[in-house]
Amino acid sequence: MDRVPRELPGARAPRWLLALPWVLLAVAEAAQFLTPETVQLGFVFAVLPMLASLAYGMAGTLLLSTAIMLLLALPEARAEHISSGDLLALGLIGAVSTLLAWVRGRRNAQLVTVRTVAEAAQYAVLPPLPPRVGPVRCGALYRAAVRTALVGGDLYDVQPGPYGVRAVVADVKGHGLGAVSTVAALLGAFREAVLDEPELAGVAARMDRRLVVDAARREDEELFATALLLEFPACGGDGPGASEGAEPVAGAGGAAEGDGADAAGGPRGAEAEPGGPRGGGARPAGGAPVEARLLSCGHPPPFVVGRNGAREVAMESGPPLGLGLTRSAAPEPLTVALEPSCMLLAYTDGVTEARDASGRFYPLGDRVRPEREPAALVKAVWRDLSAYTGEIADDVALLALRVDPE
C-alpha cells in the first residue's frame, strides 16, 4: 500500500440520499390517501425532483419526475385539490431539476478530469515504490495531511546506482500542497546525486545545495528539511568504509555475536549465522554481509525491527538540509550490520508526534511488531497508529527496507 487514499468530498452520493426521493414519494402518496382532502401535500411532490437532482444524474432525475407526473395524473391517486395548473408546475419543476442534474453531471466530469490530471502530476513527483529495488525489499506508506492530496511535505525514495541501493526519507518545512515544490526539488536532487556521488555525505550536500538555491530564489530564509539517507552498498559492501566501524545488530533486542562464536553460541564456521563480529557484517548462509549505512540530517533515527521487537539506532545527527551544509559539516555515516531477517523502519515526525485523546505521543518503538515483509510492517504500523490517534493532522511517511539474502 503506497498511498492512503481519501475520497473526494461529494464525489459519490451516499446510499441514504439515493433512496430518499423514492421513500419520500411513497410516504407522501400514502399520506395523501390517509389524510383528509383539506390537507394539501403538493409541496412535497414539488421538492422531490430537486432532491433527485442532488442524488442522481439526468436520467435518474427525469425518471423520478416522470413517475411523479404519472402518479398524480391517475384518477385513483390524484387528490382533488391538485389541479391541472399544479401538474403543469410540477412538470416545469421536473424539467428544471433534470437540467440542473445534467449541469451537475458535466461539472462532476470536469472535476474528475482535473483530479485525474492532478493525480498524474503528483504520481510523477512521488511515484509508487516497487516492492523490490535490486536486492532490497521495500514497503512504503504515504498519507498527506491535506484532504484528497497524494503528496504533501514528506518524501521517500529508493534508487539503485553504481554505489549500491540508496534510500531517503525526508520532511520539508511545512506540510500540504505548499511544500510539494520543495519535495519535487529534493527528489530530483537525490536521484541525480545517487548516480554521481560515491558517498552519502556528497548526496546530502547536493540536496542541501538545492534547498539553498531555492530559498534564495524564493527569499525564504527558513526553507529547510530534515532527511535520513540510507545506503546498502553494492557487491555486499565493497564500497568505501563497508566494514570499518560497523555496528553489529543481531536483531532488535538481541545480542550481537562475539568473536569466535556464532549466533547460537557455537564456533563460527563457513556457514556463520547472522550477526558477525564488529566489522564483519551480518552474514547469511551465502557469506555476503548485510550492511546498511545511515546518515541523518536532523531527522529521527530509524528503528531496527527484528524477531525480538524493535530498537532505535543510536546515531549522530547533523544539521538539517538547507542550512548551507558542506561535506565537512555532515557527520560520518554510521555502518550497521544487520541480520538478514531484520528490517530498517524509517519514518517522519508525523508518526511519533501524533497524539491520542489524552495528548500522549505515539510510542512507535514500543508498539511496532515484527512482520515478515516490509509491506506488511508499514501496513501494521499504520493500522495501529490510526487506532491510537484517530485523526492525524500531519503528513505521514513510513519506509521499511530489508536486504534479501537471495
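Let's start with what covers the buried residues of α5. The cover includes α4 (84-125), β3 (154-161), β4 (164-172), α6 and β5 (225-233). This is a predicted model, so keep that in mind throughout.

Which residues of α5 are buried? V180, T182, V183, A185, L186, L187, A189, F190, A193 and V194. Several of those sit three or four places apart. That spacing matters in general. An α-helix has 3.6 residues a turn, so residues three or four places apart point the same way.

Now the length of α5. The helix has 17 residues, which should span 24 Å at 1.5 Å a residue. Its end C-alpha atoms lie 25 Å apart, and that agrees.

Next, the partner. How do α5 and α6 pack? Helix α5 covers residues 180-196, and helix α6 covers residues 200-218. The angle between them is about 145°, and the axes are 8 Å apart. The crossing of α5 past α6 is right-handed. On the α5 side, the contact uses S181, T182, A185, L186, A189, F190, E192, A193 and D196. On the α6 side, V203, R206, M207, R210, L211, D214 and R218 take part. By type, the residues of this contact split into eight nonpolar, two polar and six charged.

Compare the lists for α5. A185, L186, A189, F190 and A193 are among the residues that touch α6, and these five are also among the buried ones.

Over to α6 itself. It has 19 residues. From first C-alpha to last, α6 reaches 27 Å, close to the 27 Å expected at 1.5 Å a residue. Its buried residues are L200, A201, G202, V203, A204, A205, R206, M207, D208, L211, D214 and A215. What covers the buried residues of α6? The cover includes β4, α5, β5 and β7 (291-297). Just after α6 comes E219, with a positive phi of about 60°.

On to aromatics. How many aromatic pairs does the structure hold? Three. I'll show two of them.

Take F303 and Y347. Their ring centres are 5.9 Å apart and their planes meet at 35°, so the pair is tilted. F303 is in strand β8 (residues 303-306), and Y347 is in strand β12 (residues 343-347). They are 44 residues apart, and the pair links distant parts of the chain. Buried or exposed? F303 has a relative accessible area of 8%, so it is buried. Y347 is at 4% relative accessibility, so it counts as buried too.

Next, Y362 and Y388. This aromatic pair is edge-to-face, at 5.3 Å centre to centre with 70° between the planes. Y362 lies in the loop between α7 (349-352) and α8 (364-367), while Y388 lies in helix α9 (residues 374-389), so the pair ties together parts 26 residues apart in sequence. Y362 and Y388 are both buried.

Two single residues now, for contrast.

Where is F45? In helix α2 (residues 42-55). F45 has 1% relative accessibility, so it counts as buried. Leaving out residues up to four places away in sequence, F45 touches L25, A28, E29, Q32, I68, L72 and L90. One of those, L72, is 27 residues from F45 in sequence, and the two C-alpha atoms are 9.3 Å apart.

R372 is in the loop between α8 and α9. With a relative accessible area of 75%, R372 is exposed. Setting aside neighbours within four places in sequence, R372 is in contact with M343 and R402. R372 and S341 are 31 residues apart in sequence, and 7.8 Å apart C-alpha to C-alpha.

Last, the whole protein. How many helices and strands? Nine helices and 13 strands. What share of the 406 residues is buried? 47%. And the contacts: among those with a separation of 6 or more, 71% join residues 24 or more positions apart.

Methods. Residues are numbered from 1 along each chain as its sequence is written. This is a predicted model: local features need pLDDT of at least 70, side-chain atom pairs count only at pLDDT 80 or more; totals for chains, interfaces and linings use all residues. Side-chain values use heavy atoms; hydrogens and water are left out. Axes are lines fitted to C-alpha atoms, for helices over the stretch in contact, and angles run from 0 to 180 degrees between N-to-C directions. Helices (H or I, at least four residues) and strands (E, at least two) are DSSP runs, numbered from the N terminus. A crossing is left-handed if the near helix is turned anticlockwise from the far one by less than a right angle, and right-handed if clockwise. Contact means heavy atoms within 4.5 Å. Ala, Val, Leu, Ile, Met, Phe, Trp, Tyr, Cys and Pro count as nonpolar, Asp, Glu, Lys and Arg as charged, and the others, Gly among them, as polar. The expected span of a helix is 1.5 Å times one less than its number of residues. Buried means under 20% relative accessible area, exposed over 50%, partly exposed in between (1.4 Å probe, protein chains only). Rings of Phe, Tyr and Trp (its six-membered ring) pair if their centres lie within 6.5 Å; planes under 30 degrees apart count as stacked, over 60 as edge-to-face and the rest as tilted.
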